[in-house]
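Here's a quick briefing to read alongside the model. Have the sequence and the 3D view open as you go.

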Amino acid sequence: KCFSNDTAVATAELEYHSFKIMGVGLGLAKVTFYFEGNDEYEPCSMDLLVNVIAYETKINVDETLDVYMGYNGRIEYDIEPYNIFHLVFTSNDTNVIRFVDDYGNFEAVGNGVANITIDLIGEGKYLSSTANVIVTVSSVETSITVDPSFDLYVGQNKYINAKLNPNAGSLTYKSNDTNVVSINENGFMKVMNEGVAEITVSYM
């Protein structure tokens, strides 16, 4: 026969000609095997200590991630062993990376570096674990294409042909001599007088 001193941790039972021990909860239990004896044999017993431990878990994730400001994405990961666990995503700088839900989806809201912590909350027979991702957010590189020079007559009007690559916003225009050429916020130029004017096209 056999019995466990803590059936919340381990159970023991005789199954045909062997003993079956099952771990049911975390902890340490003592299983006692005993023979009651008979006319021919004396009784005897022995104890077995059963230590029921939890499964180790692991979060597999890239340690670094580079994104552009304004990017919306998700921290990609997988878990060992595969199962459904409760994960918590935390950014140490929400001015750089801000999470929008509990599934690792985020917004890159500012330039800088954020340390992302992923906590796996262990449940039942599984241990907790943690992983970190360093996310670097930078601005998208932009360029402006524009005709470098052209000739106009006094009284002539013209839109300046400027293009922002990629098209991420609005351009600003400025003339260094509005007595020669004036230009409005839409890039529309008016030639006022003879001379040379430099037009600056900017994206901030």
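Accessible areas here come from the Shrake-Rupley method with a 1.4 Å probe, and for residues only the protein chains shown count as cover. On that basis the chain exposes about 14100 Å², with carbon and sulfur atoms supplying 49% of it. Bear in mind that this is a predicted model: local features need pLDDT of at least 70, side-chain atom pairs count only at pLDDT 80 or more, and totals for chains, interfaces and linings use all residues. Residues are numbered from 1 along each chain as its sequence is written, and side-chain values use heavy atoms, with hydrogens and water left out.

**Overall build**

- The chain has 21 strands and zero helices; these are DSSP runs numbered from the N terminus, with helices being H or I of at least four residues and strands being E of at least two.
- The radius of gyration is 36 Å, well over the 17 Å that the globule rule gives for 204 residues, so the chain is more spread out than a compact globule. (The radius is taken over C-alpha atoms, and the rule is 2.2 Å times the number of residues to the power 0.38.)
- Along its principal axes, the C-alpha trace spans about 130 × 25 × 20 Å.
- Of the 204 residues, 26% count as buried, where buried means under 20% relative accessible area, exposed means over 50%, and partly exposed is in between (1.4 Å probe, protein chains only).
- Taking contact to mean heavy atoms within 4.5 Å, residues 24 or more positions apart account for 48% of the contacts with a separation of 6 or more.
- On the charge side, there are 11 positive and 28 negative charges, and their mean positions are 7 Å apart. Lys and Arg count as positive and Asp and Glu as negative, leaving out His and the chain ends; each charge is placed at NZ of Lys, CZ of Arg, CG of Asp or CD of Glu.

**Nonpolar cores**

- A nonpolar core is a set of buried Ala, Val, Leu, Ile, Met, Phe, Trp, Tyr and Cys residues joined through side-chain atoms within 4.5 Å.
- The largest one has 21 residues, and Ile97, Ile116 and Ile118 have the most contacts inside it. Strands S10 (86–91), S11 (97–99), S12 (105–108), S13 (112–121) and S14 (129–138) each supply at least two residues of this core.
- Leaving aside neighbours within four places in sequence, Ile116 is in contact with Thr90, Ser91, Ile97, Phe99, Ala131, Asn132, Val133 and Val135.
- A second, separate core has 10 residues, including Ile160, Ala162, Leu171 and Val201.

**Two cis prolines**

- Most peptide bonds are trans.
- The bond from Glu80 to Pro81 is cis, with omega near -10 degrees; Pro81 sits in the loop between strand S9 (77–80) and S10.
- Asn165 and Pro166 are also joined by a cis peptide bond, with omega about -10 degrees. You'll find Pro166 in the loop between strand S17 (162–165) and strand S18 (172–175).

- Met22 is in strand S3 (residues 18–23) and counts as partly exposed, at 43% relative accessibility. Not counting residues up to four places away in sequence, Met22 touches Val9, Ala10 and Thr11.
- Thr7 lies in the loop between strand S1 (2–4) and strand S2 (10–15), and its 54% relative accessibility counts as exposed. C-alpha to C-alpha, Thr7 is 9.4 Å from Met22 and 7.8 Å from Ala29.
- Ser45 lies in strand S5 (residues 44–52) and counts as exposed at 54% relative accessibility. Not counting residues up to four places away in sequence, Ser45 touches Thr32, Phe33 and Tyr34; the C-alpha atoms of Ser45 and Phe33 are separated by 5.4 Å.
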